[in-house]
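Trainee: I would like a close look at a single part of this structure. Please take me through it, then place it in its wider setting.

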Amino acid sequence: MPEHILLRHRDIPEIADLDVYLKHDGFKAFEDVVTNQAPERVIETVKTANLRGRGGAGFPAGVKWSFLTPGVFPRYVVANADESEPGTFKDREIMEGNPYQFLEGVAICSYAAQANTAYIYCRGEFWDLAHELEDKIEALHKHGLLGEGLFDTEYSLRIYVHLGAGAYICGEETALLSSMEGELGQPRLRPPFPAAEGLFAKPTVVNNVETLTNLPPIINQGADWYRSIGTEKSTGPKIFSLSGHVERPGNYELPFGTTFRELIFEHGGGIRDGKAIKGILPAGASAPLLPATDEVLDTPMDYESVPKVGSQLGSASIIVLDETVDIAWMSYKTTSFFKHESCGKCAPCREGTYWMYHILNRIQNGNGAPEDIDLLNRVALGIQGKCFCALGEFSITPVVAGIEHFRSDFEALTGDGK
Amino acid sequence: MSEELVRLKIDDIDIRVPKGTKVVDAAKRAGIDIPVFCHHPKIEAVGMCRMCLVEIGTPKRDRSTGEKVLDEGGQPQIEFWPKLETSCTTPVSEGMVVKVSSDKAKEGRKQILEFLLTSHPLDCPICDKGGECSLQDLTMGHGSGESHFLLDDKKHQDKHVQLGDLIVLDRERCVQCARCIRFQKEVAGDPVLAFAERGRDIEIVTFSDPGFDSYFSGNTTDICPVGALTTVDFRFGARSWEMGAIASICTHCPVGCNLMLNTRREASANGRHVIKRVMPRQNERVNEIWICDKGRFAHHFATSDERLTKPLVRIDGKLVKTSWKKALEHAAEGLKAAGEGVVGLASGRVSNEDLFSFHTLLKSLGGRAILSDPQAGGELVQQVGVGQGTDLGALGAGDAILVIASDLHEEAPIWWQRVIGAAKRGATLVVANARKTRLDEYAGHIVRYRYQEAARTGLGLLQAITGAKDLLKFAGDEPLKSAAKALTEAENLVIFCGVEGLTYAESKSLSEACAAILVETKNVGRAQNGLIAVWPKGNTQGAWDMGLRPAEGGLENALAEAKAVYIMAVDPVGDDPDLAESFSGDRFLVVQDLFMTPTAEFADVVFPAESFVEREGTFTSGERRVQRFYPAVKALGEAKADWRIITSLAAGLDIELEDSSAAAVFLRIAEETEAYAEKSYQSLAEFVEQWPPVGEEDLYFGGTTFKNRQGLGVQLAPTAEKDRSIKIQWSAPPEFKGKKGYLLVPVVELYNRGATVMPSEILYSRLASPVLRMSLKDAKSIGIIQGVQVELLIDGRSEELQAIAEEGIPEGVVLLGRGLGVPIAEPQYVEVRLKA
């Protein structure tokens, strides 16, 4: 096992102490960019490294930064720490175990974006963590690593922690910005994109915690080094959150392109109690369920390969389902989640998730009729392609793929033999 | 919006629309209906209901060259976007192809409707919106006719949520389009509604105290696409198809909002027609598609049981009911006996026809007709009022608006709304007042002066603009100079001149200063420029135009000379109890009014007048737009139109006045009043198609505001349009000697306790209170704790009032709302002390 690049606390247990972090080249990258590099050069490095957003969409971070409207200030950087996807728990481990590398990433991004203010938007349940982060930020101020006139330059930076109120939708960047502005957490129209009119209608970069945590090693070791990890198009290390019916669930930092099989059977120790694997949710609740065929198991986990077998990598929260799982039940649970988390802004998501939930609830309670399966599918397809944001579109994937691959599970609950 | 045009094809229609137009509006202009719930042409698009889904394609371009790819026929190849798109959020682009009627688009919209109906209660038979409901209409037009939803899974919610005292929310019917939330935020400037909760639990809430605290709340019921928002006034009152619709004009303030009166015959009213609700009628130049809540809800005075229904004459010291014949004879005798000593007094509450007849009668008798509204400047508006074609809704970047000595929010809410709209579009707003008003938050320049220095401030602005030496003594400070600079630099300039805290003499000086500013900056004689007087009554400008003038030496002096007094639509004793003495002697007094006013109590003859809903006529707005109103219900009792009473009275005095019809009286006005020349009831009734379309088959688009088919009225040309060399002579304001005590300043409150408001019981909880407002410092020095009772000594009278301290009120001043039971004619010095 090579040294961790992101989960460095696994190699250096005390790295959450600033002194320890500094001893291990901490804030060297930030000092380097602030004192030696133009913001454009930092953006160029990140583009060359092809650092892709780890929040789920995989959009190249450097490209996103270059969309900032020129000449408009102030600008803001927002770290998206609203980690809410079911089965995703990587950002939390980073912020708890290796917080300074993340904060250094925020600082580097802020410098590249020429922002003097950055915010960390934590999901409401990260109450304790948010307070710890505030202590870490305070420590950085004391060390002169945040504040006015950093490293004897004119650059200044302040970082603030903002707590959300516990809404999945606030992981969507425009809903996150609305929430920060004190509005209801609902997504807003794009365009304008945050890079043009984001927080308080100013140019804003929103990046995921893991994405930002990649920045210090990229600056320190260079884009070429970074590109040597992972695949050609999905570069660098990735933290895979493995959960479900495996022997050793947890976060695994591996290069992009690692196969599902290697993650589940080598790192995760295989299926619990010697059971057979039935399916994989590769991106939490937000991408189609994959039946665990050999083709799927041998698929490399990167942004290009997973879509080829009919799903998405998303934020790489790999939930493994063994043979005991009833897929109708799984659909019911995920639909309950989406019904609960739908923001209510657009009609198809608001009404559709409520409707799907009621049908699945009926099926789950043994009160479903055979025609409910087609009705469920019809409602799901009625939602498809009509929603305001991706949440509504995600909400149908467990249902549509569940019925497509495991229709018999639904039939068992609705047929005459139930 | 830029003038650059973009060509696109919607279904089979090729059209060109301005760049920036949204596809849904472009389709509407092409005559193609794309159903919408959340989109509204007056509010920013949000794209949340998803009802307007269409297929959109754009010319395919070669990735390497950027050139359009052509098909075999040489036409651009169209690449359709993978998903259905919301036409309300998608701007048009050159060569775009939109499919509204394709199977894919129709199926998508059908699906959205099915979703929306899964949580709608479908209680149309008991819903006030039934018959004029967008959801009903669009379901008929675009729905599938059946639901796959199991109806007992439907979520039930509160059906009677009092959002405020005036608006009731039915949460089950709400389709979460947020039109109400967005209207309040973007148009009304009162962001008091919001969504709470999420998902299917999402609901409309109000977070103001009192709830839904806005003068514009009723408009949300017009743009609500379902029956979720209803007014307390109309809720369960009638079905939309049962009512007649009669065009009218609001009389409460000088904006002149176009109304539609919905009426129905009712058994409970002995088979008479009654007014069921007051609705806005579109006039984009006046009120667009909105009205304020006073106009909508304070209409009950017009049909109140307290109205006078029979003529009265004084016999043996008592007023007793009599016939019209006897009352008219008695009145004629009394006026005849007075000879040339007759003084007429009327307000701008009545129509041009009434005021013209009144003025003509008084002139024929050799007497004088006095306008009771104590504000100067009517003749200046005639000269330099806003030019023909003025549209406050088109003022924006590069333009300026000065509002001086007026609290527009209270005095003329729709003007307030349109002024903040202009400020949001980039117009420079200069607000000059002695105290903080709500308009300040939209102002680019705030000019703060002391009460009694309004006119000096106006002249100070004039000085800064002209640099005239004879004005040097009025020169102001830097904020005033920079405000003056903004006025000078404006492409267009409109000045709203009010009368808050002013005596008549100050008002005269201030309006002259405003007029002179407009002339000096050459902002006269053309559209979007000129003077607007914020008059106390709806037709005060009409009264000036008909020849009435305020009594410059004060009403008391004017009345002192009178042998007989003829009063129309005004209650001088109610407004100023000191005037009671003027009427208590044996001076002959004739009063015609809607109600038995304190003044009428002194009368020898009282005539019952018809209210504006019972007769026809014209009003002239503050922007000098002459507009017609029509009879909606039959006269109450034996009441007659004011002009008819006057002409009948004239006949008994051997004076011949035009008495055949209101239209004929108006023709006489046109003959004798230059600005009204060649105007007629026909020309006032002309209309053109307006954008956005409202009130027809497509209620879903603009809401239930009525389409205007009854006339947009005619805006009169100010003299300056013909005579560019016009000069305005300014005069110095009066000097105020230091007096003792606090300066009591009467201010306007929209919901006052006047005779035209009180009969509307639904407004009771919102009425302004007779509260003395003062600065924090003064309150402290008197020893006032918030809300304590104080004694106000005013002219030897003593009034007991509650007092509160408020930010933004200057020291040495106490404010009290007009029409709240404590009569104050003009600012005066008073004593305030703690109640012993």
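Which residues does B:R818 touch, not counting residues up to four places away in sequence?

Mentor: Keep in mind that this is a predicted model. B:R818 touches B:P746, B:V747, B:V748, B:E749, B:N752 and B:I824, leaving aside residues up to four places away in sequence. B:R818 sits in a loop of chain B, between β35 (813-817) and β36 (828-834).

Now the setting in chain B. The chain is divided into domain 1 (5-101), domain 2 (152-302), domain 3 (312-373 + 541-688), domain 4 (378-534) and domain 5 (742-834). The centres of domain 2 and domain 5 of chain B, taken over C-alpha atoms, lie 31 Å from each other. These two domains are in contact through 12 residues of domain 2 of chain B and 11 residues of domain 5 of chain B. On the domain 2 side, the touching residues are 6 nonpolar, 3 polar and 3 charged.

Next, the partner chain. Chain A gives 23 residues to its contact with chain B, and chain B gives 26. On the chain A side, α16 (327-341), α17 (347-364) and α18 (371-383) each supply at least two residues. The largest share, 8 residues, comes from α17(A). By type, the chain A side has 11 nonpolar, 7 polar and 5 charged residues.

Last, the interior. In soluble globular proteins, nonpolar side chains tend to be buried together. Here the largest nonpolar core holds 392 residues. Those touching the most other members are A:V106, A:I108, B:A346, B:V419, B:I495 and B:L531. Helix α6 (residues 99-113) of chain A supplies the largest share of this core, 10 residues. In chain B, B:V419 touches B:L392, B:I401, B:V403, B:L408 and B:L429, again leaving aside residues up to four places away in sequence.

Stay with α6(A) for a moment. Helix α2 (residues 28-36) of chain A packs on α6(A) at an angle of about 10°, with the axes 9 Å apart. The two helices are therefore roughly parallel to each other. A:A29, A:F30, A:V33 and A:V34 make the contact from α2(A), and A:E104, A:A107, A:I108 and A:Y111 from α6(A). These contact residues are 7 nonpolar, no polar and 1 charged.

How values were computed
Residues numbered from 1 in each chain as written. Chains lettered and ligands numbered in written order. Predicted model: local features only at pLDDT ≥ 70, side-chain atom pairs only at ≥ 80, totals over all residues. Domains from an automatic or database assignment. Contact = placed C-beta atoms within 7 Å. Nonpolar A, V, L, I, M, F, W, Y, C, P; charged D, E, K, R; others polar. Core = buried A, V, L, I, M, F, W, Y, C linked by C-beta atoms within 7 Å. Buried ≥ 20, exposed ≤ 12 C-beta atoms within 10 Å, placed from the backbone. Helix = DSSP H or I, 4+ residues; strand = E, 2+ residues; numbered from the N terminus. Axes fitted to C-alpha atoms, helices over the stretch in contact; angles between N-to-C directions. Parallel < 35°, antiparallel > 145°, perpendicular 65-115°, else oblique.
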